[in-house]
Amino acid sequence: MRFPKKVQGTLLFICLLTIQSFAQPGVNPNLKLAIQPQLPQKYLLREGNAPAAVKTQLLTQRSMISQQKLLFNVGFTSVSGKNIAQITGDKDVPTAEVVRIKQFATTRVLNPASLNNIKIFLKLCIASGKTYDARNNGYVSPVKNQMCGNCWAYGAVGVYEASYKRINGGSFINASEQHAENCVDGDCTGGNAYKVFEWMVNNNKNLNTEVASPDAGVNQACPGGTPATNYYATDWGIVDPSGDINKIASVADIKAALCKYGPISVSLWVTTLFQNYTNGVFNETPSNYAAPTTNHAVIIVGWDDDKGAWLIKNSWGTDWGEDGYMWIKYGTNNVGKKACWVIAKKS
Amino acid sequence: MKFIVILLFLAACGSSSGSKETKKDTTNTSQTDMSIQTDGSKNQEDIHVKLNERFDVRLNAVMGTGNSWWLADSAFKSNLSLDTTFTEVNSSGKDGAPEVQVFRFKGIAKGVTRLLFNYSQPWKKDDKPSDTKTYNVTVE
């Protein structure tokens with residue numbers, strides 16, 4: 001059966017309203033299970049003005065989400081239906097680099113200042129607890145918006161900002177991802193978050209402010225001199241006890257690290273479905289622990305065992321996901337690879 | 001009342017999916033009979049394929065920025081089927097590095113059609129693609 005475009009749009013809106021009504025408490029529980037959670041109002045309103053092709057894409061994705069009883073919703077857009085296979089040929093951090101980092105991570109000793117500082121956090125987070133959200137402790141700086149393929153710099157600097165706040169108190173600092181990008185092995189075409197930590201700690205380098213060095217969306221030369229900030233770090237490390245940067249760290253190890261050091265930088269696998277996430281618990285693809293592929297760096301800031309999920313902070317602005325955050329099921333989309341932490345220097 | 005609503009729901013969904021683009025699951029990337037590849041280096045390109053021939057459109061994307069390629073419309077469906085889509089991982093091992101999104105089509109009916117791809121962050125309000133690619137496809 002075919003309808004004119006206007007009628008299609010109206011019917012589509014009715015579809016969405018229908019989904020909303022079925023998702024209400026007290027209505028058919030099976031339908032509720034298949035289509036939960038509700039699409040937030042802001043996405044519902046926005047979708048009313050989306051192009052017809054976008055609406056069709058979302059219907060396809062929602063159908064797949066419903067069939068597979070996935071726990072999240074998609075909104076607003078365009079991108080393809082279920083997507084993206086992780087084909088073989090995963091290229092990790094090179095072996096020699098893994099060995100070098102492993103040697104460092106397994107033989108290192110925290111300096112006394114760091115040991116003293118991490119005690120602050122231990123009091124506020126219980127790794128065996130069912131839930132934790134570092135935002136409630138006021139440690140998580142506002143969501144930012146990356147300008148190129150420099151997610152790794154955001155994954156690192158966001159973790160540093162959280163550590164700085166925990167250790168030094170006061171207002172949030174706004175450190176420069178561009179400065180990190182300029183001075184570290186990595187650029188607008190990709191990088192690894194741990195490189196920022198390594199550069200800061202091993203070379204006693206400090207980050208500039210975002211105001212002084214905003215994200216320009218392009219590669220720039222590393223400036224000479226020392227920025228007029230106290231954004232230094234005293235230690236960094238790999239979450240997985242083996243020190244293997246390419247390994248997906250266990251849930252228990254990530255929780256313990258989160259409580260001990262603060263928000264953790266991790267990598268994961270982004271797909272078009274991930275890009276369309278609006279709310280709920282994202283659980284697209286089981287992680288491939290043998291050969292995990294990743295293409296994006298984010299920050300784990302909490303967990304909820306009832307959801308069985310991590311709370312991650314992304315760097316795609318607040319119009320994505322749940323105001324810039326996502327709940328992602330433990331053990332999916334390779335989340336937890338390249339998990340690492342940093343400890344800010346006390347001013 | 002609820003029955004009518006469900007009927008409308010099914011009709012609308014059926015109508016939409018019947019007239020617009022849909023995509024298949026993409027876990028199977030082992031097919032090897034594609035004969036044409038275009039690497040997306042040009043913004044507009046002509047492609048000639050034979051009936052039942054497969055071809056790949058390979059477009060550079062940085063998924064870590066939140067951007068990806070998507071087909072803007074379903075105008076191609078009368079001449080082409082979209083067999084699969086997948087992403088080839090970047091070889092650098094770096095997060096945020098460029099990858100390749102692959103769209104695999106098959107010629108299913110003789111004639112001329114058009115493939116229009118848009119590159120964007122799907123949640124952005126202005127919905128304006130930051131890049132576009134157009135392929136004029138002739139199925140012979």
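How are H7(A) and H9(A) oriented to each other? The model is predicted.

**View 1. Helices H7 and H9 of chain A cross.** Helix H7 spans residues 151–168 of chain A. Helix H9 covers residues 193–202 of chain A. Their axes come within 7 Å and cross at roughly 50°. Angles of 65 to 115 degrees would count as roughly perpendicular, and those under 35 degrees as roughly parallel. H7(A) and H9(A) are therefore oblique to each other. H7(A) passes H9(A) in a right-handed crossing.

**View 2. Residues of H7(A) meet residues of H9(A).** H7(A) brings A:Trp152, A:Ala153, A:Gly155, A:Ala156 and A:Val157. H9(A) answers with A:Ala193, A:Val196 and A:Phe197. Sorted by class, the contact has seven nonpolar residues, one polar and no charged ones. An α-helix has 3.6 residues a turn, so residues three or four places apart point the same way.

**View 3. H9(A) is mostly covered.** Nine of the ten residues in H9(A) are buried. The buried set holds A:Ala193, A:Tyr194, A:Lys195, A:Val196, A:Phe197, A:Glu198, A:Trp199, A:Met200 and A:Val201. What lies over them? The cover includes two helices of chain A, H7 and H8 (177–183). It also includes strands S3 (233–238), S4 (264–268), S6 (296–304) and S9 (337–344) of chain A. After H9(A) comes A:Asn204. The phi of A:Asn204 is positive, near 50°.

**View 4. The largest nonpolar core has 106 residues.** Which of its residues touch the most other members? They are A:Ala156, A:Tyr160, A:Val196, A:Phe197, A:Ile264 and A:Ile312. H7(A) gives the largest share of this core, eleven residues. A:Ala156 also takes part in the contact between H7(A) and H9(A), as do A:Val196 and A:Phe197.

**View 5. A:Ile312 touches residues from separate parts of the sequence.** Its contacts include a run of four: A:Val298, A:Ile299, A:Ile300 and A:Val301. A:Tyr325, A:Met326 and A:Ile328 touch A:Ile312 as well. Residues up to four places away in sequence are left out of this list.

**View 6. Chain B has one helix and eight strands.** In what order do the elements run? From the N terminus on, the order is α-β-β-β-β-β-β-β-β. Chain B has 140 residues, and buried ones make up 41% of them. Take the contacts in chain B between residues at least 6 apart in sequence. Of these, 65% join residues at least 24 apart.

Key: Residues are numbered from 1 along each chain as its sequence is written. Chains are lettered from A and ligands numbered from 1 in the order in which they are written. This is a predicted model: local features need pLDDT of at least 70, side-chain atom pairs count only at pLDDT 80 or more; totals for chains, interfaces and linings use all residues. A nonpolar core is a set of buried Ala, Val, Leu, Ile, Met, Phe, Trp, Tyr and Cys residues joined through C-beta atoms within 7 Å. A residue is buried if 20 or more other C-beta atoms lie within 10 Å of its own, exposed if 12 or fewer, and partly exposed in between; C-beta atoms are placed from the backbone. Helices (H or I, at least four residues) and strands (E, at least two) are DSSP runs, numbered from the N terminus. Two residues are in contact if their C-beta atoms, placed from the backbone, lie within 7 Å. Axes are lines fitted to C-alpha atoms, for helices over the stretch in contact, and angles run from 0 to 180 degrees between N-to-C directions. Angles under 35 degrees count as roughly parallel, over 145 as roughly antiparallel, 65 to 115 as roughly perpendicular and the rest as oblique. A crossing is left-handed if the near helix is turned anticlockwise from the far one by less than a right angle, and right-handed if clockwise. Ala, Val, Leu, Ile, Met, Phe, Trp, Tyr, Cys and Pro count as nonpolar, Asp, Glu, Lys and Arg as charged, and the others, Gly among them, as polar.
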